[in-house]
Amino acid sequence: MNPLLKALKSRHAILQNKIDREQRALQPDTLRIMSLKKTKLRLREQIEFLERACQTADPDTVRRMLRSRSGFSMP
C-alpha cells in the first residue's frame, strides 16, 4: 500500500476515535465535533482521490497530480 495512503487512513481512524470520545463525553463540545468531522471529510476526499489516482496512473503521474493539488505532498 502507498505510504501516503496508509498514513491518511491511519489519521482518518484517529479522528474517528476522537469524534467518538467527544460524543460520549458528559458535555460534548459540538464545535470541536464539527471541526473534527470536517477534517475527517477532507481526509476521506484525499484518500479517495489517491486511491483513484493509484489505480489509473503510474507513480510519477500520481506524484505530479498530488503536488498540483493543495494540501497534498509526496516525496
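## Burial and overall make-up

Buried residues account for 25% of the 75 residues in the chain. The model is predicted. The chain exposes about 5500 Å², and carbon and sulfur atoms supply 53% of that area.

The chain has 3 helices and 0 strands, so its elements run α-α-α from the N terminus. Among contacts between residues at least 6 apart in sequence, 47% join residues at least 24 apart.

## Helix H2

Helix H2 covers residues 30-56, 27 residues in all. From first C-alpha to last it reaches 39 Å, close to the 39 Å expected at 1.5 Å a residue.

Asp-29 caps the N-terminal end of H2. One of its side-chain oxygens lies 3.2 Å from the backbone nitrogen of Leu-31. The buried residues of H2 are Ile-33, Leu-36, Leu-43, Gln-46, Ile-47, Phe-49, Leu-50 and Ala-53.

## Salt bridges

Side chains of opposite charge can pair when their charged atoms come close. The structure holds 4 salt bridges. Lys-9, Arg-44, Glu-48 and Glu-51 are linked in a network of them.

Lys-9 is partly exposed at 31% relative accessibility, Glu-51 at 25% and Arg-44 at 28%.

Arg-32 forms a salt bridge with Glu-22, at 3.6 Å between the closest N and O atoms. Arg-32 lies in H2 and Glu-22 in H1, so the bridge ties together parts 10 residues apart in sequence. Arg-32 is partly exposed, with a relative accessible area of 36%. Glu-22 is buried, at 15% relative accessibility.

Note on methods
Residues are numbered from 1 along each chain as its sequence is written. This is a predicted model: local features need pLDDT of at least 70, side-chain atom pairs count only at pLDDT 80 or more; totals for chains, interfaces and linings use all residues. Side-chain values use heavy atoms; hydrogens and water are left out. Helices (H or I, at least four residues) and strands (E, at least two) are DSSP runs, numbered from the N terminus. The expected span of a helix is 1.5 Å times one less than its number of residues. Buried means under 20% relative accessible area, exposed over 50%, partly exposed in between (1.4 Å probe, protein chains only). A polar contact is a pair of N or O atoms within 3.5 Å; within protein, one must be able to donate a hydrogen and the other to accept it, and residues adjacent in sequence count only if both atoms are side-chain atoms. Contact means heavy atoms within 4.5 Å. Accessible areas come from the Shrake-Rupley method with a 1.4 Å probe; for residues, only the protein chains shown count as cover. A salt bridge is a side-chain nitrogen of Lys or Arg within 4 Å of a carboxyl oxygen of Asp or Glu.
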